[in-house]
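Open the structure in your viewer and keep the selection tool at hand. Shall we walk through it together, one stop at a time?

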Amino acid sequence: MTEAVTPPPSPYDPPTHPPAAERADQPGPHDRQDRTDLPEPLDAEAPSKPGAASAGITPADVRDGAAVTLVVGVAGVVLGLLWAWLAPRVQYVSNGEAVFLRDTESEARIGADGTFFLLALGFGVLSAVAVFLWRRRGGVPLVIGLTVGACFASLAGWRLGLLLGPGGNLPAAAAEAGKGVPFDAPLQLLAHGVLLVWPMTAVALHLGLTALWSPRETSPSAEWYGTYPPPHVHADPPQDDPRD
């Protein structure tokens with residue numbers, strides 16, 4: 001007897017499918033989710049840029065800046081009260097015809113400017129530290145509010161001190177005091193540049209404190225961008241099935 005020989009398949013014949021048991025052993029497209037060597041999908045909710053969630057000025061920041069402006073501006077009343085109380089007095093004397101300084105070598109006129117300078121410097125330090133302790137994160141609205149409030153406080157303290165001090169009508173004050181009787185001169189601020197001491201001190205110190213001790217933003221997490229190179233780059237290539 002002769003054994004039947006199966007001819008080789010022709011390339012024009014339709015493809016034959018392997019048995020079901022053999023197909024079960026081969027990985028299919030649905031087995032991809034069971035592979036451990038594939039990269040994990042990135043989180044769809046992760047921000048596209050580091051710090052994108054914290055960028056921008058919120059309405060809460062604007063309210064904080066307005067509150068700083070209001071509180072610091074009201075503090076100018078305290079500055080005016082202290083300046084009118086602590087500033088040295090300059091005394092004049094009248095001879096019945098003219099008004100003269102009682103002590104031509106007195107430094108009281110410069111002392112009024114120095115008192116305002118020291119008070120403004122102290123208020124600038126206090127306001128900067130208070131704002132920093134209240135909002136350590138800092139921000140543009142806080143700096144703007146601190147600057148505007150300090151400028152207004154300096155002007156308010158200056159004008160209030162002038163109102164609380166002796167009157168500015170020298171002839172009337174000399175006539176009321178009498179001939180040869182010394183009387184206090186009006187409170188004056190000769191160096192108007194000291195009005196900038198409070199805002200400049202407050203802003204500079206606040207920026208320095210914020211730069212040194214404000215909370216730092218965390219570095220972007222690695223899972224935002226995935227791992228590089230992906231794990232499947234170093235995975236072993238699939239082996240050809242010997243039965244093919």
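Start on the inside of this predicted model. How many cavities of 30 Å³ or more are there? The count comes to one, and the largest cavity has a volume of about 30 Å³.

To find it, select Asp61, Asp64, Arg135, Arg137, Gly138, Gly139, Pro141 and Leu142, which line the largest cavity. Now colour helix H2 (59–86) and helix H4 (140–164): these are the elements that give two or more residues to that lining.

Time to move to the surface. Select Phe117, Leu118, Leu121, Val125, Val129 and Leu133, and you will see a nonpolar patch. Together, these residues have about 480 Å² of accessible area.

Why does Val125 count as partly exposed? Its relative accessible area is 34%, and partly exposed covers the range between buried, under 20%, and exposed, over 50%.

Finally, zoom out and show the protein chain as a cartoon. Look for six helices and three strands. If you trace the chain from the N terminus, the elements come in the order α-α-β-β-α-α-α-β-α. As a last stop, colour the chain by accessible area: of its 244 residues, 25% are buried.

Notes: Residues are numbered from 1 along each chain as its sequence is written. This is a predicted model: local features need pLDDT of at least 70, side-chain atom pairs count only at pLDDT 80 or more; totals for chains, interfaces and linings use all residues. Side-chain values use heavy atoms; hydrogens and water are left out. Patches are made of residues with over 30% relative accessible area and no salt bridge: like charges are joined within 9 Å, nonpolar side chains (Val, Leu, Ile, Met, Phe, Trp, Tyr) within 5 Å. Accessible areas come from the Shrake-Rupley method with a 1.4 Å probe; for residues, only the protein chains shown count as cover. A salt bridge is a side-chain nitrogen of Lys or Arg within 4 Å of a carboxyl oxygen of Asp or Glu. Buried means under 20% relative accessible area, exposed over 50%, partly exposed in between (1.4 Å probe, protein chains only). On a 1 Å grid over the protein atoms alone, a cavity is a set of points where a 1.4 Å probe fits but cannot get out, and a pocket is an open set with protein on both sides within 12 Å along at least five of seven lines; lining residues have an atom within 4 Å of a point. Grid points are joined across faces, edges and corners, and a volume is the space filled by probe spheres set on the points. Helices (H or I, at least four residues) and strands (E, at least two) are DSSP runs, numbered from the N terminus.
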